[in-house]
4 protein chains.
Amino acid sequence: MAGRPRRYCGRMSPASRYAYLGPEGTFTEAAIRTLPESATRELVPMVSVPAALDAVRNGDAGGALVPIENSVEGGVTATLDELATGTPLMIYREVLLPISFALLVRPGTTLESIKTVTGHPVAQPQVRRWLAEHLPHAQWESAASNADGARLVQEGRYDAAFAGEFAAATYGLTPLVTDIHDAENAETRFVLVGRPGRPAARTGADKTSLVLWLGDDRPGALLELLQEFAVRGVNLVRIESRPTGEGIGRYCFSVDAEGHIADRRVGEALMGLRRICPKVRFLGSYPRAGLDPSQVTPLRQGTTDEDFAEASDWLARCIDGRA
Amino acid sequence: MAGRPRRYCGRMSPASRYAYLGPEGTFTEAAIRTLPESATRELVPMVSVPAALDAVRNGDAGGALVPIENSVEGGVTATLDELATGTPLMIYREVLLPISFALLVRPGTTLESIKTVTGHPVAQPQVRRWLAEHLPHAQWESAASNADGARLVQEGRYDAAFAGEFAAATYGLTPLVTDIHDAENAETRFVLVGRPGRPAARTGADKTSLVLWLGDDRPGALLELLQEFAVRGVNLVRIESRPTGEGIGRYCFSVDAEGHIADRRVGEALMGLRRICPKVRFLGSYPRAGLDPSQVTPLRQGTTDEDFAEASDWLARCIDGRA
Amino acid sequence: MAGRPRRYCGRMSPASRYAYLGPEGTFTEAAIRTLPESATRELVPMVSVPAALDAVRNGDAGGALVPIENSVEGGVTATLDELATGTPLMIYREVLLPISFALLVRPGTTLESIKTVTGHPVAQPQVRRWLAEHLPHAQWESAASNADGARLVQEGRYDAAFAGEFAAATYGLTPLVTDIHDAENAETRFVLVGRPGRPAARTGADKTSLVLWLGDDRPGALLELLQEFAVRGVNLVRIESRPTGEGIGRYCFSVDAEGHIADRRVGEALMGLRRICPKVRFLGSYPRAGLDPSQVTPLRQGTTDEDFAEASDWLARCIDGRA
Amino acid sequence: MAGRPRRYCGRMSPASRYAYLGPEGTFTEAAIRTLPESATRELVPMVSVPAALDAVRNGDAGGALVPIENSVEGGVTATLDELATGTPLMIYREVLLPISFALLVRPGTTLESIKTVTGHPVAQPQVRRWLAEHLPHAQWESAASNADGARLVQEGRYDAAFAGEFAAATYGLTPLVTDIHDAENAETRFVLVGRPGRPAARTGADKTSLVLWLGDDRPGALLELLQEFAVRGVNLVRIESRPTGEGIGRYCFSVDAEGHIADRRVGEALMGLRRICPKVRFLGSYPRAGLDPSQVTPLRQGTTDEDFAEASDWLARCIDGRA
């Protein structure tokens, strides 16, 4: 660990410690290192998403970075479900990481000599086509993580591992081929999670995350829920159903909406949802990764904070007889 | 006028004067006399709806009672258009009056001897069937008002007039037949209009009147407008399109919604309309005639003031990091 | 009548006779004369809209032209209500007529000498401003029709009448001032009504007229009705509520939609309305006056007849297992 | 295999062969054995969902049974994604299986002596609470499948495995504890998939599965999609977003709706979706497991096949002039 001076295990307070889905050498570690403050935090790899989030809940860490969505594989259900249930947590930041793989080998290994390859099961669909073309006869076996696969290559158990190129150094391997990805633009979205508190400051290019439970299995309940957003001109960027665990056919919805809870259109939509849903969990408002305010979808007419303020003043004048 | 001690022309201040659509002896006069305060007001008949409303605008009267809707004939367009345009006015009260006609004749006239009948053109469709059955050969001619028809019978110009039974005494006539009405439950709705001020107090069985202009002739604009009400659980009891005068195909909408502007669901709907419509005119919130709170449509779940307050508190806690 | 060779009373079959809202010299006559076939029809003025429509119902006339909407005054309720109730009728054509008035006087009359003016009550709001400016001291009295006003001027009872310029010759009057209209672009829409039959041929710039009854006074019923149109991309050009006569708060809706019943998007919307409304009256599909196909609102994607046919074929293939 | 007389490997035609997600002893095998025809089919375990489905695509099997949804873990993404992409397949049947676990041990093992337990990763969240209570110190390691975990216990590598009780015999183990499940009513839904063909016959308690792509990332596209169902009174029982693989924020929707494609309300909704979505994949209509027609949600008024037929007849009469 001498090469990683930014970690001072045991010397920092829990609040300055960030847990992440480990082990070292995974894409999650690469993602957490893109955060400016990671240079002054203790970064602690955890064995699972629940373990990383529990470290935050228990006060062992001030924050945790976990994957929440992959453009190829979809939502990371462990993260979605952990955020929807149990002791509440909140999202304060998101990180988008382009995902492309390197084929890591022990120094000296040639492509022709590779008989066995490994990697995380999630990696497989993203390299399947490349494998079929370049290593049609190699045998695939899954590893617990991409980093773990690299370790197994280091130990000689497999000939090659798919992992992030950044993992090569950690395990004394060489990236034989880089930039492997079946799908163009594959990326993974990670979120920095903390204990509930004041949401991240508004930037003008924000996102608000919620979990919404439908009242009953009455037809049209989802439609009504979407109308609470639509009528205030709030766009959704993600909606995902998750089982509530009460049986087939019972779902809650994990939703990301454009805008910040301090935007009045978003606030009014949230209050509307709070009124019609038996349960709403606010998961935070935070800057949209990779988007500056100039790229945000233009607001529908009549939905700026000024429009809300003007309408509110008008209502007050009507009620007071000064309209 | 000796028989009408409640009128003290010239002695009362304009504010204590009520204008109404005259002449004396019409249903509008009968309606205004149902108001408790009419006993202490100077009641001034006017020749037209615009004249009655202008008396309020000019300060010559503190209020004006005018018909706004008839269950057989529909909206009274002069009233709807006067309220939608020009110097703003507001509605503070409504009166529902069952409409049935008496056949007024000079004392001694028998049904068999009636050759000519008169009445206001609006009366005709409401007595047409009765006429066809009982006086198939009588000739109808229209009068400027029902009361005017009675006067013309008094003067001997027609044999009989359809008018309110209450008009008989005024014109020295006899009600030969009473309770004539082709349609069951025919009634007329009148509104008491004043200069803009604080709306009538909330009673729990209220109504809110608005005029709404659509932004452009974009398809779906009316649908969006209705959704502003629907999403907050506010029911409409009347919607009527009126031309804006800018050409065929350009309309505004005269709307009555259940509830009071001080109800939070109504207030939020009004603010939403204010934001999406280029123009909104608030015409007042006032008690629904003939309806006590126990008869009001039950509110949709999540739309009481308590629900709004709870959601608002929750939002504040989320924003402050105390959720 | 020698000057009107196109009328051959009594010599033509009833089917070739067109009734219209009279008397001669009104805007309705001007409108009917814009129809190409009016040259070979017997044109019969009637005393009222119901009388004109009853002539069609009774077989005394093959068609009737009546006003249905005025850009200043709104819907012509007699026409709307007659079409909504009683023996069914259908609309086969519409005529748009710009409305501007001439001030008709006896030859020799000067503006300064005019003390009294007359005209139809509907004319008054359209010339009010002109009157206030040019004849502020003239006294207005209403006539039964604009043409009737002209006749009363001919007889010497009033000094001047507002009417269509075309009425001057009929009554031996002179148009002292022409092109009088307070509102720019004032126009009246007339419809040619006949007994039910095959709708007018599709032109690509059509309109479909309906009367729709709401099932109950359930909140949201109007919203559902509008959604039947919206979901198939059918735009509304007019919607007007009319009382059903069953008491305050009970309405039906008179609706004009873009498109022809033979357009599949319109047909599907009509079937949807038929299923959700307790009663629907189809009043016809006919060419939109003053609009050629190039001016029609572009169709929303996925709503052409080809789109419907393609979707229908696809469904058939799915059901047959050939998708 | 002597104990499984219903398998006659190699002797049956591929069409009579059913692939399933293996290995033997899993819940999927238990599910496939609930199908009446499984007695006369060759049942072939496959290593993965894609492998099972490819067997159908390649003609090596007439059908494949794969899990699609778990009431605790949610959608089985491998199945959802395989059905949404590649060579089309269709669903012909669904099977609901209550999921409860047995703790399988080698004969003679006691609860107190258990130090290590294994099972499929999906099993873990369903037994976590039980483990914490009864075996707080046992160490969990994941196996490739529940059946594989049982095999590893048989081989002595772990002390106990969570699996279906039915797996005990296959691996010579004893169910030490049965009926273990953290969540009440946990169940898994499986689907029987085949090559595209005529959908399963209508039973009156059916379900229709679709994959829908949204046209663009235009806000409100999902709302429009839901309205195509809602306006025809078709209820959704499941909706799940899946990434299209084109980058974060691009989704398609996997949807189950109540009713059969041969129901006219469902057919019309499907045609509507076909018109507004750039791509729709029909995955089949088939009986809803565990539901007889008497338990189906009552249809909304106006949405039966008779209502559609009546409306269609009415439209034809209108177009023909016989309404």
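Is the crossing of H7(A) and H8(A) left-handed or right-handed? The crossing of these two helices is right-handed. The model described here is predicted.

**Helices H7 and H8 of chain A**

Helix H7 of chain A covers residues 221-230, and helix H8 of chain A covers residues 264-276. Their axes come within 8 Å and cross at roughly 160°. Angles over 145 degrees count as roughly antiparallel, and H7(A) and H8(A) are therefore roughly antiparallel to each other.

From H7(A), the residues that make the contact are Glu224(A), Leu225(A), Glu228(A) and Phe229(A). On the side of H8(A), they are Ala269(A), Gly272(A), Leu273(A) and Ile276(A). Sorted by class, the contact of H7(A) with H8(A) has five nonpolar residues, one polar residue and two charged residues.

**Helices H2 and H3 of chain C**

In H2(C), Val49(C), Pro50(C) and Leu53(C) meet Ala78(C), Thr79(C) and Glu82(C) of H3(C). The contact of H2(C) with H3(C) is made up of four nonpolar residues, one polar residue and one charged residue.

**The contact of chain D with chain A**

Chain D gives 31 residues to its contact with chain A, and chain A gives 30 residues. On the side of chain D that touches chain A, the elements that give two or more residues are strand S11 (187-194), helix H7 (221-230) and strand S13 (236-243) of chain D. The largest share, seven residues, comes from S13(D). By class, this side of chain D divides into 13 nonpolar, 11 polar and seven charged residues.

How are the two copies related?

**The contact of chain B with chain C**

Chain B and chain C also form a contact, with 31 residues from chain B and 32 residues from chain C. Strand S11 (187-194), helix H7 (221-230) and strand S13 (236-243) of chain B each supply at least two residues of the side of chain B that touches chain C. S13(B) gives the most to this side, with seven residues. The residues on this side of chain B are 13 nonpolar, 11 polar and seven charged.

**Chain pairs without contact**

Which chain pairs do not touch? Chain A and chain C do not touch, and their nearest C-alpha atoms are 13 Å apart. Chain B and chain D are likewise not joined by any contact; the closest C-alpha atoms of chain B and chain D lie 13 Å apart.

**A domain recorded for chain A**

An unreviewed UniProt entry places the feature "domain: Prephenate dehydratase" at residues 17-195 of chain A. In the model, this span is 26% helix and 34% strand. The end C-alpha atoms of residues 17-195 of chain A lie 13 Å apart.

Notes:
Residues numbered from 1 in each chain as written. Chains lettered and ligands numbered in written order. Predicted model: local features only at pLDDT ≥ 70, side-chain atom pairs only at ≥ 80, totals over all residues. Contact = placed C-beta atoms within 7 Å. Helix = DSSP H or I, 4+ residues; strand = E, 2+ residues; numbered from the N terminus. Nonpolar A, V, L, I, M, F, W, Y, C, P; charged D, E, K, R; others polar. UniProt positions renumbered as here; feature names shortened; annotations may be inferred. Axes fitted to C-alpha atoms, helices over the stretch in contact; angles between N-to-C directions. Parallel < 35°, antiparallel > 145°, perpendicular 65-115°, else oblique. Left-handed = near helix turned anticlockwise from the far one by under 90°.
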